[in-house]
Amino acid sequence: MIKTVQTTPYTDQKMGTAGIRKKVTDVVRPNYIENFIQSLFDAIGGVKGQTFVIGGDGRFYNDIAIQKIIKIAAANGMKKLIIGQNGYMSTPASSNVLLKNHADGGLVLSASHNPGGEKGDFGIKYATKSGGQCSSQISDAIYAKSKEISSFKIEDAPDVNLKNIGMQKLGNMEIEIIDPIVDYVEMMQNIFDFEAIKKLFKSGFTMCFDAMNAVTGPYAIRIFEEILGAPKGSVKNFTPKPDFGGLHPDPNLIYAKELVDLMYSDHAPDFGAANDGDGDRNMILGRKFFVTPSDNLALLTDNYKLIPAYKNGIHGVAKSAATSTAVCRVAKALNVDCYEVPTGWKYFCNLMDSKRITFCGEESFGAGSSHIREKDGIWAVLFWLNILAVTGKTVEEVVRDFWKKYGRSYYLRFDFEGIDTTVADKLMADLETKLPTLKGKDFDGYKVSEAGAFIYHDPVDGSSTKNGLIAWFENGARIVYRLSGTGTNGATLRVYLEVFEKSNFDAEPKKMLERLAEVAFEIAEVKARTGKAKADVIT
Ligand code: VG1
Ligand code: CO
């Protein structure tokens with residue numbers, strides 16, 4: 001039975017860098033999810049006769065939100081939903097299922113790397129039939145609808161059982177519960193040399209994969225332990241938990257502490273990796289060695305020939321503007337195009353669809369390729385295992401060889417969190433006016449060569465997007481400033497720093513970037529405006 005329920009709009013249902021992200025306490029307000037989903041369906045012209053893929057990272061409220069969405073979809077005439085078992089599906093797996101089934105859209109219930117639990121965050125990512133997250137034009141249309149919504153339609157029915165794989169029905173809508181890992185494994189087997197990696201583990205190679213109590217645990221157990229033969233126990237924190245067991249599922253040196261401590265200890269395995277809440281980010285470590293994400297993208301690109309799926313050649317590459325220039329040097333050497341886009345995976349999608357690029361990545365621990373339209377954490381881990389299996393090198397040797405060939409970009413990101421949004425917006429606006437006036441100014445050897453807003457012109461759809469501000473220096477150094485679009489607590493100012501070294505490879509990034517950091521904070525008047533003398537998080 002279909003009910004039409006009267007509702008009043010919320011004014012904050014605007015998507016950020018990757019979908020809508022809110023505090024759980026906001027999302028549990030009456031009809032919050034209902035309003036958002038009905039606005040989404042209305043904004044895209046209805047979903048009658050369509051097929052959608054739905055999953056989530058298992059965080060708190062995943063189970064409640066998914067039932068609401070199922071019932072609203074049925075009431076809006078959706079033909080079919082393909083749902084991950086128990087309502088779980090990683091972001092990359094979801095993109096794969098969407099593309100494989102030629103579905104019309106996809107929803108991933110996730111706030112990605114943000115903390116979970118009752119006091120944490122909740123979110124929803126919306127992908128179109130391209131397999132990638134919707135453009136800002138579409139999210140603007142959803143936002144506009146959400147501000148004028150007056151009713152939603154919902155099927156008045158008991159909750160759907162999401163445990164049993166197979167077909168069922170809700171009203172006229174078909175529901176197929178799938179094991180999303182099966183399709184994901186098949187895709188990975190078609191990309192990488194599983195036999196070579198099996199041999200690597202047979203020879204005694206050891207690894208630790210930290211799933212951070214999030215969605216990739218079961219994928220990692222299946223792939224690394226059961227199929228590839230990594231010793232039992234290689235995958236840690238593998239049970240998805242609604243609060244991620246208290247972990248902050250952001251795979252970096254700060255939040256993946258358990259893994260980092262192990263990898264820097266004397267009984268470290270050969271290889272360490274972690275994924276984030278929804279499985280699209282990766283962190284790679286060797287014994288007492290950390291691979292900077294910007295280097296990671298560049299390195300994977302440089303080694304593409306070792307991977308069966310790419311050995312016959314790649315199109316170009318792309319990076320977000322905030323990511324270091326390492327991959328640009330590789331692209332030049334390989335004689336392929338290198339694109340620079342705003343932050344957010346959606347900006348890579350047109351480039352992949354038009355076969356302009358094969359690989360892309362971001363400094364925020366994201367890398368991926370055109371096999372899907374999302375970044376892919378386990379893909380990056382398998383890429384590394386494949387490289388190590390074929391070359392017989394250690395992680396550190398691979399990176400050092402890379403630096404020898406291309407030089408090293410020392411890179412760090414400084415986050416100033418919880419800033420008043422008005423203060424942050426003013427800081428950025430004033431900085432945008434100030435930066436062009438600094439051209440030619442010398443800050444102790446850092447001479448500004450160019451400075452201003454980063455504006456991306458999409459070569460495929462002709463749209464233009466402004467994202468962040470950049471200062472370039474004559475010695476190759478760069479500063480990028482932008483405000484985060486995934487936070488739920490005031491504004492976060494991100495300051496990204498990079499210096500390039502041709503031969504000095506053994507310094508501490510913090511030391512190498514010390515002066516540039518001072519310059520960056522001074523130019524933006526961070527302390528005077530925010531009261532913060534130091535960054536809250538440095539990654
Ligand atoms: C952050 C990262 C960005 C990433 C986005 C979504 O965005 O910086 O690179 O694409 O998160 O990733 P922001 O606007 O906070 O800087 V995920 O894994 O959170 O979906
Ligand atoms: Co994520």
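Student: What is the orientation of helices H6 and H8 to each other?
Tutor: In this predicted model, H6 (residues 180-191) and H8 (residues 217-227) pack at about 50°, axes 10 Å apart. Axes are lines fitted to C-alpha atoms, for helices over the stretch in contact (heavy atoms within 4.5 Å), and angles run from 0 to 180 degrees between N-to-C directions. Under 35 degrees is roughly parallel, over 145 roughly antiparallel, 65 to 115 roughly perpendicular, the rest oblique. H6 and H8 are therefore oblique.

Student: What pLDDT must side-chain atom pairs have to count?
Tutor: Residues are numbered from 1 along each chain, chains are lettered from A and ligands numbered from 1 as written, and side-chain values use heavy atoms, without hydrogens or water. Local features need pLDDT of at least 70, totals for chains, interfaces and linings use all residues, and side-chain atom pairs need pLDDT 80 or more.

Student: Is Asp280 buried or exposed?
Tutor: Buried means under 20% relative accessible area, exposed over 50%, partly exposed in between (1.4 Å probe, protein chains only). At 0%, Asp280 therefore counts as buried.

Student: Which residues form the salt-bridge network with Asp280?
Tutor: Asp280 also pairs with Lys375 at 3.6 Å, N to O. The network links Asp280 with Lys125, Asp278, Glu362 and Lys375.

Notes
Helices (H or I, at least four residues) and strands (E, at least two) are DSSP runs, numbered from the N terminus. A salt bridge is a side-chain nitrogen of Lys or Arg within 4 Å of a carboxyl oxygen of Asp or Glu.
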